[in-house]
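Please look through the model shown below before reading on.

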Amino acid sequence: MMRLLAVPAFSDNYIWTLVDDDGQAWIVDPGQAGPVFDAIGNALTPVGILLTHHHDDHIGGVPALLERWPGLPVIAPHDARITTATQRVGEGVQVRVSGWTFDVLEIPGHTHSHIAFVGHGHLFCGDTLFGLGCGRLFEGTPMQMLTSLDKLAALPDDTRVCCGHEYTVANAAFATTVDPDNAALRDRQQQVIALRKAGQPTLPSTLGDERVGNPFLRVESPAVRAAIAHRLGREPADRVETFAELRRWKDGFGA
Ligand code: ZN
Ligand code: FE
């Protein structure tokens, strides 16, 4: 059985660490090295590092990790801004290291070279899909981001969603504003508030949960469409416009 550790870093990042029965561990998006050293200790053996995108809060710890574990594979997207990569991967590539397999999906939008890794029932999606939210569009268009989210939404319901940040409570406040009559969403909002009060992560979620509650995966739903139509003062032209306006609304929401 795989064991998943949510290693907290900075104020709201998670460095996901996936461990097998032999104590072999993959480290995803280590923005800092210190929390990884603490989590790995002497019991676990790192087998590789997966990087989803070039932002420093996702890659900043890599040099220090390589100093301690020289030769560790660093799997990263095709992006010259990530200088520590030992292997560059893109859409459709399979990462295979010592019995592990991860499929790579290209999911541009937050950044132009953002990728996700899918394997062993887990999705590592960086800053693209969040618990009840999605990443900001720093380098991509709404159309690109929506296409990327569609790709992730097509994964099985029980896929564990391991995203880069603990934003779920703030995202829930926005989601319930957009989609106030969604009972399953309301239930999840109560759950995630309780988890944070208890000092627990709200993640991983499942893709099934996200499809039910995350407004950015629900741009076709009558409730989300109606909320956007209300803001625009007319029906949105298509799902891309619905998504674009939803993202703009969230940008100004303050949470
Ligand atoms: Zn980012
Ligand atoms: Fe980030």
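**From the cysteines to the metal site**

Cys 162 is buried, as its relative accessible area is 1%, where buried means under 20% relative accessible area, exposed over 50% and partly exposed in between, computed with a 1.4 Å probe on protein chains only. Cys 163 is likewise buried, also at 1%. This is a predicted model, in which local features need pLDDT of at least 70 and side-chain atom pairs count only at pLDDT 80 or more, whereas totals for chains, interfaces and linings use all residues. Residues are numbered from 1 along each chain as its sequence is written, chains are lettered from A and ligands numbered from 1 in the order in which they are written, and side-chain values use heavy atoms, with hydrogens and water left out.

The sulfur of Cys 162 has its closest cysteine sulfur in Cys 125, at 7.5 Å, which is too far for a bond; for Cys 163 the closest cysteine sulfur is again in Cys 125, at 5.1 Å, also too far for a bond. A disulfide is a pair of cysteine sulfur atoms within 2.5 Å, and a search of the whole structure finds zero of them.

The zinc ion (ligand 1) is coordinated by His 53 (NE2), His 55 (ND1), His 110 (NE2) and Asp 127 (OD), at 2.2 to 2.3 Å. Donors here are N, O and S atoms within 2.8 Å of the metal (3.2 Å for Na, K and Ca), and since water is not among the atoms, sites may look incomplete. Asp 127, which is buried at 4% relative accessible area, bridges the zinc ion (ligand 1) and the iron ion (ligand 2), and these two ions lie 3.2 Å apart. His 55 and Asp 127 link distant parts of the chain, 72 residues apart.

Asp 127 also belongs to the surroundings of Gly 135, which touches His 110, Asp 127, Thr 128, Phe 130, Met 145 and Arg 247, not counting residues up to four places away in sequence; contact means heavy atoms within 4.5 Å. Gly 135 counts as buried because its relative accessibility is 1%.

Gly 135 lies in the loop between strand 12 (133-134) and helix 4 (142-153), where helices (H or I, at least four residues) and strands (E, at least two) are DSSP runs numbered from the N terminus. Helix 4 packs against helix 9 (residues 239-251) at an angle of about 100°, with their axes 9 Å apart. The contact involves, among others, Met 145 and Leu 146 of helix 4 and Phe 243 and Ala 244 of helix 9.

Notes. Axes fitted to C-alpha atoms, helices over the stretch in contact; angles between N-to-C directions.
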